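Subject: Structure for you to look at

Hello,

Here is the structure I said I would pass on. My notes on it follow below.

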Amino acid sequence: MRKEINVETWYRKDHFEFFSKFDEPFYGITAKVDCTKTYNTAKDKGHSFFLSYLHKSLVAVNRTVQFRYYC
């Protein structure tokens, strides 16, 4: 569900203004994650490991409110 954010009253206004001035205001991270349990469960049930790990990743990301913002 999309909701327009009023930048003037937004508690993250300072962060937005700082990063919006960058040519590419994006960043990425890399982390090692043990997916053994998900892999084994997917294979035992005949499911796609890719779809299983993608679903679990998106569930985890969506638990963080700031990751749900869409620009």
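The protein chain has three helices and zero strands, so in sequence order the pattern is α-α-α. Please keep in mind that this is a predicted model.

Overall shape: the radius of gyration of the protein chain is 17 Å, whereas a compact globule of 71 residues would have one near 11 Å. The C-alpha trace spans about 50 × 25 × 15 Å along its principal axes.

Surface: buried residues account for 6% of the 71 residues. The protein chain exposes about 7200 Å², and 57% of that is supplied by carbon and sulfur atoms.

The second largest pocket: this holds about 160 Å³ of space. Its lining consists of Val33, Asp34, Cys35, Thr38, Tyr53, Lys56 and Ser57. By type, the lining residues divide into three nonpolar, two polar and two charged. Helix H3 (residues 49-62) gives the largest share of the lining, with three residues.

The loop between helix H1 (13-20) and helix H2 (36-45): one of the residues here is Ala31. Is Ala31 buried or exposed? Ala31 counts as exposed because its relative accessible area is 57%, and the cut-off for exposed is over 50%. Ala31 and Lys21 are 10 residues apart along the chain, and their C-alpha atoms are separated by 27 Å.

Regards

Technical notes: Residues are numbered from 1 along each chain as its sequence is written. This is a predicted model: local features need pLDDT of at least 70, side-chain atom pairs count only at pLDDT 80 or more; totals for chains, interfaces and linings use all residues. Side-chain values use heavy atoms; hydrogens and water are left out. On a 1 Å grid over the protein atoms alone, a cavity is a set of points where a 1.4 Å probe fits but cannot get out, and a pocket is an open set with protein on both sides within 12 Å along at least five of seven lines; lining residues have an atom within 4 Å of a point. Grid points are joined across faces, edges and corners, and a volume is the space filled by probe spheres set on the points. Helices (H or I, at least four residues) and strands (E, at least two) are DSSP runs, numbered from the N terminus. Ala, Val, Leu, Ile, Met, Phe, Trp, Tyr, Cys and Pro count as nonpolar, Asp, Glu, Lys and Arg as charged, and the others, Gly among them, as polar. Buried means under 20% relative accessible area, exposed over 50%, partly exposed in between (1.4 Å probe, protein chains only). The radius of gyration is taken over C-alpha atoms; the globule rule is 2.2 Å times the number of residues to the power 0.38. Accessible areas come from the Shrake-Rupley method with a 1.4 Å probe; for residues, only the protein chains shown count as cover.
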